Amino acid sequence: MSSRRDFIRQTAGMTIACATGTAASLLGTPSTPASQAANSEAGWYDRPMRWAQIAFTEDDPGNYDPKFWLDYLKRLHVDAVTLSAGGVVAFYPTQIPMHYRSKWLGDRDSFGDLAKSCRALGMNVVARTDAHACHQDVYDAHPDWIAVDEHGNKRKHPSDADYWITCALGPYNFEFMTLVTEEIVTKYMPDGIFTNRWAGSGMCYCEHCVENFHDFSRMDLPRTRDPHDPARRQYVVWHQTRLFELWRLWNDGIRKINPNASYIANAGGGALSELDMKTIGELAPTLFADRQGRSGLTPLWAAGKNGKEYRATMGKKAIAAITSVGVEDRNRWKDSVQSDAEIRLWMTDGMAQGLRPWFTKFNAKVIDKRWMPTVEEIYKWHFANEAYLRNDRPLARIGLVYSQQTAVFYGGESAQAKVEDAALGFYQALVEARIPFEMVHDRLLDRDHISQFKTLILPNIAALSTEQCAQVQQFVERGGSVVATFETSLFDEWGTRRTDFALASMFGVHYGGKTEGPMLNSYLSLNKDPDTGKYHPLLDGFEDSVRIINGANQVTVLPDGTGAYPLQVVPSYPDLPMEEVFVREGTHGQVGAVVRQAGKGRVVYLPGDIDRTFWETLNFDQSKLLRNAVVWATDEAAPLTVEGPGVLDVSIWTQKHSMTAHLVNLTNPMMMKGPVRELIPVGKQDVSITLPPDKHAKRVHLLVAGRDAKYTSQGGVIRLEVPSILAHEVVAIDFA
Ligand SMILES: [Zn+2]
C-alpha cells in the first residue's frame with residue numbers, strides 16, 4: 001500500500017476516537033454541528049470525476065514545461081487538480097517569515113501560474129501543502145516546534161538531513177501552518193487545501209505534547225502501545241481530539257476567507273487507519289484515498305476495498321483514489337514507472353468499487369513517460385462513459401463490518417494479525433464467491449446506515465459496546481441476518497473481556513471460558529442432519545467429503561440448544577511422528593458451527609477463526625464454507641450473479657437513468673503480489689442482474705467492448721453472456 005501509510009503506521013501506531021469516561025460516552029469525539037455537515041454536502045465537491053496531482057519538486061520552477069502538462073490534462077478531460085503550493089517548500093512568493101521558498105523560484109509563481117491555467121481550462125484547483133518537515137532556520141527560531149523522540153532527542157528527517165520532523169500537535173501546525181493555509185487561500189482562492197502528512201510522524205514527546213497531554217489527562221505521555229495501559233488509552237483519545245481540533249481550525253480559517261472551499265485532510269482508511277472514520281465522514285466534504293499502489297503481498301482488490309471503507313462513512317460524497325504511476329515500495333523509487341497492466345487494474349478495481357480516478361506524479365519534469373498513454377486511455381474511457389460511472393448507490397445486500405476500536409483496543413500491536421487478517425480473509429472469500437458487498441463501519445450500525453443490507457458479516461469484531469450489540473440484535477429482529485466468527489462481541493469497546501458474548505443469545509452459544517490456539521492438526525467433521533440424513537446447506541458442495549480443516553484458533557463454546565450444528569471439531573492430535581498421526585478413540589470436540597433461525601433472520605456463528613486462517617492458507621474448503629455461510633444466511637436471490645471461470649471482483653450500482661455491473665478480471669499470477677505483467681483474458685461469463693422494482697430495461701450494452709449485448713429479460717431479471725473479459729467489463733442497463 002502507500003508508503004505514506006506505512007510511514008505513519010511504523011511511527012505512529014493506530015489510534016481511534018473515544019471519549020473519556022463511561023462506555024456510554026465512548027463513541028464520539030464532539031459531533032459535527034448540523035450546519036457544518038450540511039455545508040459539506042453542497043459545493044463543488046461532487047463535480048470532478050477525474051483528478052490529477054502534480055507534486056512539484058523544489059527544482060521544478062523554471063525547469064518544467066507547463067504547456068506539456070496542460071495539453072495532457074486537457075486531452076484526459078481532467079476536471080480537478082491538486083498542485084503543490086507550500087509548507088515544506090513554497091512554490092509561490094510567500095510573505096510569511098520562515099516559509100521556505102524554493103531556491104529555483106526566483107520571482108516566479110509556479111503554483112499560482114499553473115493554478116490559473118488549470119482554472120482557465122475549467123478545472124477545480126486544490127492547493128497541496130505538506131506539514132511534516134521544516135528547515136534549520138525554523139529549528140533555530142522555534143526549537144519547540146520540532147518533534148521529539150522517546151529519548152528526548154529532536155528528530156532529524158530520516159531521508160533528508162537538511163530537514164527536521166515537525167510536531168503535528170503543537171504550534172508548528174496550529175500557528176505556522178495556519179498562517180500558510182490562510183495566505184494561500186487569501187491569495188489564490190483555491191477550492192480547498194489538501195495537506196500531506198499533517199497528522200504527525202508518530203509519538204512526540206516535545207514540551208507542548210507533554211504539557212498538553214498532562215492538562216488533558218493529568219498523566220505523563222505513555223511509553224507503551226499496550227491498549228490496557230491507562231495513559232495509552234487517554235493518549236488515543238487526546239491525539240484524536242487534538243487532530244480533529246486542528247482540522248476544524250484550518251477548515252474554519254479557510255471557509256472564513258472562501259466559503260466555497262474546505263480543508264481536505266489526507267486521512268481515512270479501514271480498521272487499521274488512525275483517525276476515527278465516523279468523525280471523518282461527518283467533517284470531510286470529499287476525500288482522497290491515498291493508497292497509491294501495491295507493495296509486498298497486497299491483493300489487487302485492495303484498491304476497491306479502500307473505496308468501500310471510505311464509503312461506509314462518507315455515504316454518497318465523492319471519493320477519489322490516489323494512484324501512483326510509479327513503483328510503490330519501501331525503497332521509494334519516486335521517479336519510477338509502474339507497468340501498464342498494474343496501473344490499469346489498480347485504477348479499474350477502484351473505479352468498479354466507486355472511486356474516482358486520480359493519478360499523481362511527483363516531479364513535473366517527467367523522466368520516464370511510459371505511464372502516460374496508459375492513464376490517457378483509462379481517462380478517455382472514463383470520460384466517454386461518465387454517465388455510467390456517476391453512481392447513485394450500490395445495490396449490494398451484504399455488509400462486511402470493520403471496527404477501528406477493535407483494532408486499537410483489542411488488537412493493540414497485533415491488530416493486523418488479530419483483526420485485519422480476518423477481514424482480509426472474508427474479503428477474499430467474497431471476491432472468490434463473486435458476491436457484491438459493501439463495508440460497514442461499526443459505529444454506524446443504526447437503522448439508516450444498514451437498512452440496505454440483508455446480511456451483516458462480523459469477521460472477529462471482538463470489541464463492541466452493549467449499544468452496538470443491541471443495534472446488531474435489532475437488525476436481526478427486523479429480519480436481517482448475521483455471520484460472525486471467533487471472538488466477536490466477547491470484549492467491550494475498551495477491549496476488556498466480558499464473561500460471555502454480548503451476542504450469546506443470537507449466536508446460540510455461551511462462552512466456554514477459553515480461547516485455544518494456535519492449534520495444530522485440528523479438523524471439522526461434517527455432520528448429517530439426523531432427520532434428513534443430509535448435509536445442511538452450510539455444507540453445499542461438500543457432499544463427497546467427511547471433514548475439512550479447522551481454523552488455527554477457536555473460542556470454546558457451550559451451545560444453548562437453540563441451533564443446529566453441522567460441524568463438529570476434531571481436536572488437535574499429534575502431527576509427528578508420522579506413526580502417531582491418528583485420531584484417538586473417544587475424543588470429541590465442540591461444535592464447529594452454529595446455524596439458527598432468529599426471528600425472520602438467520603445467524604451463522606463460527607467459533608473458529610476460519611476467516612483469519614483462510615487468509616493464511618487460502619484453503620479451498622474454507623473459501624467454500626465462508627461463501628456458504630453468507631449465502632445460507634442471506635436466503636434471497638442475489639442482485640448480481642456471474643458464473644464462469646477466473647477471479648472477478650464484481651459490483652452493482654444504480655445511476656440516474658441506468659444501472660451497471662462491473663466485472664474486474666483479477667485472474668492473474670500476480671493477483672496477490674504485483675506488479676501484473678500482462679492482462680490475461682477470461683472466457684465466457686453468464687451474468688444475471690435483477691432490475692430494481694419498477695424499472696425496465698431499454699438497452700443492455702457493454703461499456704468496455706463498446707457494443708450492445710444480446711439479453712433475455714424475465715421476471716425483472718436480465719440475463720446475458722459476456723464472451724470474454726480482458727481487464728474489465730461493465731454491463732450497463734439503460735432504464736426505459
Ligand atoms: Zn509534540
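# Colleague's note: strands, zinc site, cores and salt bridges

1. Helices (H or I, at least four residues) and strands (E, at least two) are DSSP runs, numbered from the N terminus.

2. Before going on, a word on the source: this is a predicted model, in which local features need pLDDT of at least 70 and side-chain atom pairs count only at pLDDT 80 or more, while totals for chains, interfaces and linings use all residues. Residues are numbered from 1 along each chain as its sequence is written, and side-chain values use heavy atoms, with hydrogens and water left out.

3. Back to E24 and its two faces. Leu648, Val650, Ile652 and Thr654 point one way, Asp649, Ser651 and Trp653 point the other way, and all are buried. Two strands pair if DSSP finds at least two bridges between them. E24 pairs with strand E25 (residues 658-665) in the antiparallel sense over seven bridges, and a hairpin of three residues connects E24 to E25. Within this pairing, Ile652 has Ala661 of E25 as its bridge partner. Strand E11 (residues 393-394) also runs antiparallel to E24, joined by two bridges, and Arg393 stands opposite Thr654.

4. Now the zinc ion. Its protein donors are the SG atoms of Cys167, Cys204, Cys206 and Cys209, lying 2.3 Å from the ion. Donors are N, O and S atoms within 2.8 Å of the metal (3.2 Å for Na, K and Ca); water is not among the atoms, so sites may look incomplete. The four donor atoms subtend angles of 103 to 116° around the zinc ion, which makes the arrangement tetrahedral. For four donors, that label requires all angles to lie between 85 and 135 degrees. The ideal angle for four tetrahedral donors is 109.5 degrees.

5. The donor spacing in sequence is C-x36-C-x1-C-x2-C. Cys167 sits in the loop between strand E5 (164-165) and helix H6 (171-188), and Cys209 in helix H7 (residues 207-217), so this pair ties together parts that are 42 residues apart in sequence. Cys167 and Cys209 are both buried. Helix H7 also holds Asp215, which counts as partly exposed because its relative accessibility is 45%.

6. On packing, a nonpolar core is a set of buried Ala, Val, Leu, Ile, Met, Phe, Trp, Tyr and Cys residues joined through side-chain atoms within 4.5 Å. The largest has 192 residues, and the members touching the most others are Phe111, Trp198, Trp247, Phe359, Trp371, Val375 and Phe501. Setting aside residues up to four places away in sequence, Val375 touches Tyr72, Leu76, Val325, Ile343, Met347 and Phe359, where contact means heavy atoms within 4.5 Å. A second, separate core of 23 residues includes Val650, Met659, Val682 and Val700.

7. The whole structure contains 36 salt bridges, each a side-chain nitrogen of Lys or Arg within 4 Å of a carboxyl oxygen of Asp or Glu. In one of them, the closest N and O atoms of Arg311 and Glu438 are 2.8 Å apart. Arg311 lies in helix H10 (residues 302-314) and Glu438 in strand E13 (residues 437-441), so the pair ties together parts that are 127 residues apart in sequence. Arg311 is buried at 10% relative accessibility, and Glu438 is buried at 5%.

8. Two further salt bridges deserve a look. Glu377 counts as partly exposed at 46% relative accessibility, whereas Arg344 counts as buried at 14%. Lys514 and Glu516 meet at 3.7 Å, and Lys514 is partly exposed at 48%, as is Glu516 at 25%. Separately, a network of salt bridges links Arg291, Lys305, Glu309 and Glu420.

9. Finally, helix H19 (residues 610-617) is mostly covered, with six of its eight residues buried: Ile610, Asp611, Arg612, Thr613, Phe614 and Trp615. Among the elements covering them are helix H15 (415-432), strand E15 (481-485) and helix H20 (620-634). Just after H19, Leu618 takes a positive phi of about 50°.

Definitions and conventions:
Four donors count as tetrahedral if all angles lie between 85 and 135 degrees; four count as square planar and six as octahedral if opposite donors are over 155 degrees apart and all others between 65 and 115; anything else is irregular. Buried means under 20% relative accessible area, exposed over 50%, partly exposed in between (1.4 Å probe, protein chains only).
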